[in-house]
Amino acid sequence: QAQLVESGGGEVQAGASLRLSCVDSGRSFSGYAMGWFRQAPGKEREFVAAISGSAAYTQYAEAVKGRFTISRGYLQMNSLKPEDTAVYFCAVRSRGPLSALVVLPEQWDYWGQGTQVTVSS
């Protein structure tokens with residue numbers, strides 16, 4: 001069973017940057033699609049970004065396009081806004097390649113415990 005561990009969260013002011021990391025403490029997830037989701041208090045978990053197993057293809061939510069960059073094992077977040085405040089989760093998809101459906105949390109197979117990101121105005 002893969003165990004994903006996120007790190008890099010924290011409290012920052014609007015306009016700052018953070019880099020989140022996701023490592024597998026169990027087995028390698030090399031070749032699997034990876035993604036990031038976030039969940040703010042009282043809201044559903046929402047898709048942030050995904051990257052294919054080969055890293056050739058990436059997908060972003062409209063709210064983060066141009067500010068966030070996903071790479072294998074990382075999420076670089078620039079120009080942070082208060083509305084980015086949430087717990088951020090990394091996920092691995094072992095069932096197949098990326099598709100339009102990967103914006104849905106149920107399309108992912110392994111999850112980390114999350115890391116808190118708080119952006120103040």
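1. The largest nonpolar core of this predicted model has 34 residues. Those with the most contacts inside the core are Trp36, Val48, Phe68, Leu75, Met77, Tyr88 and Trp108. The elements that each supply two or more residues to this core are β3 (18–24), β4 (33–39), β5 (46–51), β7 (68–71), β8 (74–77), β9 (86–93) and β11 (115–120). As background, nonpolar side chains tend to be buried together in soluble globular proteins.

2. Along the sequence the pattern reads β-β-β-β-β-β-β-β-β-β-β.

3. On overall dimensions, the chain has a radius of gyration of 13 Å, which agrees with the value near 14 Å that a compact globule of 121 residues would have. Along the principal axes, the C-alpha atoms fill a box of roughly 40 × 25 × 25 Å. Of the 121 residues, 41% are buried. Of the contacts between residues at least 6 apart in sequence, 57% join residues at least 24 apart.

4. Trp108 deserves a separate look, being among the core residues with the most contacts. Setting aside neighbours within four places in sequence, Trp108 is in contact with Ala33, Met34, Gly35, Phe37, Ala50, Ala91, Val92, Arg93, Arg95, Leu98 and Val102.

5. One of those partners, Leu98, sits in the loop between β9 and β10 (110–111). Beyond four places in sequence, Leu98 touches Ala33, Ala50, Ile51, Ser52, Tyr57, Arg93 and Trp108. Leu98 and Ala33 are 65 residues apart along the chain, and their C-alpha atoms are separated by 6.6 Å.

6. Gln107 is placed in the loop between β9 and β10 as well. Its relative accessible area is 16%, so Gln107 is buried. The residues that Gln107 touches, not counting those up to four places away in sequence, are Arg93, Arg95, Leu101 and Val102.

7. The loop between β5 and β6 holds Ser52, and Ala55 is in the loop between β5 and β6 too. Ser52 is buried, with a relative accessible area of 12%, whereas Ala55 is partly exposed at 39% relative accessibility. Apart from residues up to four places away in sequence, Ser52 touches Tyr32, Ala33, Tyr57, Arg72 and Leu98. Ser52 and Arg93 lie 41 residues apart in sequence, with 9.3 Å between their C-alpha atoms.

8. Backbone geometry calls for a check at two positions. Ala55 has phi near 70°, which is positive in a residue other than glycine. Ser79, likewise not a glycine, has a positive phi of about 50°. Ser79 belongs to the loop between β8 and β9 and is partly exposed, with a relative accessible area of 39%.

9. Gln59 is a strand residue, found in β6 (residues 58–60). With a relative accessible area of 15%, Gln59 is buried. Which residues does Gln59 touch, not counting those up to four places away in sequence? They are Phe47, Val48, Ala49, Ala50, Ser99, Val102 and Val103. Among them, Val48 is also one of the core residues with the most contacts.

10. Val117, in strand β11, is buried, with a relative accessible area of 0%. Not counting residues up to four places away in sequence, Val117 touches Gly9, Gly10, Leu18, Leu20, Met77, Asp84, Thr85, Ala86 and Tyr88. Two of these partners, Met77 and Tyr88, are among the core residues with the most contacts. Val117 and Val87 are 30 residues apart in sequence, and the distance between their C-alpha atoms is 6.0 Å.

Definitions and conventions
Residues are numbered from 1 along each chain as its sequence is written. This is a predicted model: local features need pLDDT of at least 70, side-chain atom pairs count only at pLDDT 80 or more; totals for chains, interfaces and linings use all residues. Side-chain values use heavy atoms; hydrogens and water are left out. Helices (H or I, at least four residues) and strands (E, at least two) are DSSP runs, numbered from the N terminus. The radius of gyration is taken over C-alpha atoms; the globule rule is 2.2 Å times the number of residues to the power 0.38. Buried means under 20% relative accessible area, exposed over 50%, partly exposed in between (1.4 Å probe, protein chains only). Contact means heavy atoms within 4.5 Å. A nonpolar core is a set of buried Ala, Val, Leu, Ile, Met, Phe, Trp, Tyr and Cys residues joined through side-chain atoms within 4.5 Å.
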